[in-house]
Amino acid sequence: QVQLVESGGGLVQAGGSLRLSCAASGRSFSSTAMAWFRQAPGKEREFVAALNWSGTTTDYADSVKGRFTISRDNAKNIMYLQMNSLKPEDTAVYYCAAGPGGRSYYDYWGQGTQVTVSS
């Protein structure tokens, strides 16, 4: 059974940092693109960041560029999202995903982890 499990969410003050992790199990995702999405209350899910199978190509939403860093460790089947200079508008449930790639094409999804940034 394929599973993606996020962790690392929590409550942080504006300007603070968090690192999210996404652990994959059930199969190897070392040859698959992976990404982070988020969904704030009352809003649609939106793309945050993505990287290719090797981690050499990354893509970021304009709203997080320069503050967030996506990375992966294929040997451990884990993906990360380092979030710095957090803002209240970053508050959302963050989801990891795996699949063909880009900003839309993902087949596997985690259950999400809550990130709350207080002002």
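Here is a chat about a predicted model of a protein structure.

Me: Let's start with disulfides. How many does the structure hold?
Reply: The structure holds one disulfide. C22 and C96 form it, and their sulfur atoms are 2.1 Å apart.

Me: Is that link right-handed or left-handed?
Reply: The link of C22 and C96 is right-handed, with 55° about the S-S bond.

Me: Are the two cysteines buried or exposed?
Reply: Both C22 and C96 are buried.

Me: What stands opposite C22 in β3?
Reply: That's E6. E6 belongs to strand β1, which covers residues 3–7.

Me: How many bridges join β1 to β3?
Reply: Five bridges join them, and the two strands run antiparallel.

Me: Which side chains of β1 are buried?
Reply: The side chains alternate along the strand. L4 and E6 point to one face and are buried.

Me: New topic: R38. Where is it found?
Reply: R38 is found in strand β4, which spans residues 33–39.

Me: Why does R38 count as buried?
Reply: Because its relative accessible area is 5%, and buried means under 20%.

Me: Which side chains make polar contacts with the side chain of R38?
Reply: One is the side chain of Y94, at 2.9 Å. The side chain of S63 is another, joined to R38 by a polar contact of 3.5 Å.

Me: What else does R38 touch?
Reply: Leaving out residues up to four places away in sequence, R38 touches a list of residues that includes E44, R45, E46 and V48. Also among them are F68, E89 and D90.

Me: Last one, G55. Where is that?
Reply: G55 is found in the loop between β5 (46–51) and β6 (58–60).

Me: How far apart are G55 and D73?
Reply: In sequence, G55 and D73 are 18 residues apart. In space, they are 8.5 Å apart, C-alpha to C-alpha.

Methods:
Residues are numbered from 1 along each chain as its sequence is written. This is a predicted model: local features need pLDDT of at least 70, side-chain atom pairs count only at pLDDT 80 or more; totals for chains, interfaces and linings use all residues. Side-chain values use heavy atoms; hydrogens and water are left out. A disulfide is a pair of cysteine sulfur atoms within 2.5 Å. Buried means under 20% relative accessible area, exposed over 50%, partly exposed in between (1.4 Å probe, protein chains only). Helices (H or I, at least four residues) and strands (E, at least two) are DSSP runs, numbered from the N terminus. Two strands pair if DSSP finds at least two bridges between them. A polar contact is a pair of N or O atoms within 3.5 Å; within protein, one must be able to donate a hydrogen and the other to accept it, and residues adjacent in sequence count only if both atoms are side-chain atoms. Contact means heavy atoms within 4.5 Å.
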